[in-house]
Amino acid sequence: MAYEAILARSFSRYEQKKLGCGAFLGCLLILLSFFTVFKPYLGPLPILNMQLSMGIAHKMFAIKETESSQKKEMIRSTQKATANPEMSPISMSHKENVTTKPKLRLNSTDPKENATRTIPEILVNSTDQHAAKNASMEPGPEVLLNNTERPAVEIEESVPPNSTDHEDTSLSIAGNATQKRGPLCNILNPRTDICDIAGEIRVHAKSYTVYASSPEMATLDDGQTSWKIRPYARKTDRTAMSSVTEWSVVPASVDRREIPKCTQNHAAPAILFSAGGFAGNHFHDFSDIILPLYLTARPFNGDVQLLVTNYRSWWASKFRAILQNLSKHPAIDIDQQKEEVHCFPSVIVGLNRHDDFKINPSMPPHTTMRDFRDFLRTSYSLERTKAIELRAGDTRKPRLLIVARKRSRSFTNPTRIAKMAKAVGFEPVVAEADMNVAWFAELMNSCDAVMGVHGAGLTNILFLPDDAVLIQIVPLGAAWLSRTYFGDPSRDMNLRYLEYKIGVRESTLADQYPVDHVALKDPGAFHKGKWNDFKKIYLDNQNVKLDVRRFRPTLLKALQLLREQKRD
């Protein structure tokens, strides 16, 4: 019994330790076997692998959600377009931000349009919100919002469109819409039609066409695709416009014919105008052409090419000094350039006109008649800017120009008029204007006062010095014309204006009609507003026999004005 007890205690201590070691080794063997069997399915970084699996799942979910949203948006857009054909809006309510898709790029100032979206990339080159509303969505990785009504015009070349040393370029339609603006041809002005186009402009004289490759011309909102322009600033006068060549202004994207190639490239912009119409009449030369040309060309400060249609060499010679002061480039007789295609960075077709023989300072280019007169003085190198200022005891005699006319509305007694003018204190000079503008401008500038019957010769008051006096002799029936065309404009020229309305006995019409005839007593009732009847009788068939005694107080008033000048 004692032996068995001792053996039991000994075995227990030994076996317990042995069994513990065996159990530990067994666990190691089992764990090793487990790793050996499942090694292909285990990775070294199980946590990272789990995160990657979650990212893939999230990405797959986002793609499905995006595709679903796109389908819903396209269905909604289609339904709205069907209900309202004029509007095809793209929903801006989809705001999920998925980093695997490119973000929306907009040049719009609307923050709603700049929101991050999950739809494929959209490129918009317009700041006009209506461009997006009128867009058409195309399937594919990139969707372009195009103006479906008037796509922009793009010059497909490797050099800038305004370059003057490039070879010929092709004109084509580009897909992206540009910012819309108003019509580039203003045909609403009651006096003139004018187009102002920038881009690559080709002037083709053979077809009398101006081809305009300008993005602005293809994105207009007025529905106009081309214009017919007669570049003369008296558009409501059918007689004048009948002798003015009509030019077409056509966007290159509209005319599907082959665009003519450039044969001459110009760095300067151009102005296309007509020397037809009433050119040759001195008043209309200035009112219809020279003054509007000044308003149009002066902002270019001489760096502008003048293109003259209906060119007349005698007209260009008559106004050579003015044309050379407006442009440092020789004027081109564009009608004779049949084999040439002149290309410019911009072209103005037609002339800017404010009013008859007037400038409105509130309208572009915000200049004045005084500025225009300064320009003329520079053109003809005229020295005097101020008329004489008579003082008490002054023995000097102001110079008076008596404008003579050989045809209608002429003085029948110019010698008696000159004699009386000398008697009251003037130095009289009698002269008639001719084609030599420089000579008559110098003569007019040397005078302190001028008198003459209403007519084109009085246009030369432009050359008078400031504070000089104009005395307009108003023939029967011409009160409104006299006041409108010379009386009112003279005040804007810093001149003093006096008006002398002749009596019935001072008109040669008194030799043709009885004294109590309606033609003498009430000219308006006689011609009844019919221009041809009025012109035939009161302008073309009337001369003036001035009553010098009746006229004398008017001359004395002119002297008084020269003494009462208020200098600036």
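## Core, helix packing and confidence

Leaving aside residues up to four places away in sequence, Phe426 touches Lys397, Pro398, Leu400, Ala421, Ala449, Leu555, Ala558, Leu559 and Leu562, where contact means heavy atoms within 4.5 Å. This is a predicted model, in which local features need pLDDT of at least 70 and side-chain atom pairs count only at pLDDT 80 or more, while totals for chains, interfaces and linings use all residues. Residues are numbered from 1 along each chain as its sequence is written, and side-chain values use heavy atoms, with hydrogens and water left out.

Phe426 is also among the residues that touch the most other members of the largest nonpolar core, which has 101 residues; the others are Phe286, Phe372, Leu401, Met451 and Ile473. Such a core is a set of buried Ala, Val, Leu, Ile, Met, Phe, Trp, Tyr and Cys residues joined through side-chain atoms within 4.5 Å, buried being under 20% relative accessible area (1.4 Å probe, protein chains only). Helix H5 (residues 282–297) supplies the largest share of this core, nine residues. Another core, of 21 residues, lies apart from it and includes Leu184, Cys185, Val203 and Val249.

The axes of H5 and helix H8 (residues 369–379) come within 11 Å and cross at roughly 90°. The contact involves Phe286, Ile290, Leu291 and Tyr294 of H5, together with Met369, Asp371, Phe372, Phe375 and Leu376 of H8.

The chain averages a pLDDT (the predictor's confidence in each residue, from 0 to 100) of 77, and 67% of the residues score at least 70. Two stretches stay under 50.

| Stretch | pLDDT | Contacts beyond four places in sequence |
|---|---|---|
| Residues 43–69 | under 50 | six contacts |
| Residues 80–181 | under 50 | 174 contacts |

Methods. Buried < 20%, exposed > 50% of the residue type's maximum accessible area, 1.4 Å probe, protein only. Helix = DSSP H or I, 4+ residues; strand = E, 2+ residues; numbered from the N terminus. Axes fitted to C-alpha atoms, helices over the stretch in contact; angles between N-to-C directions.
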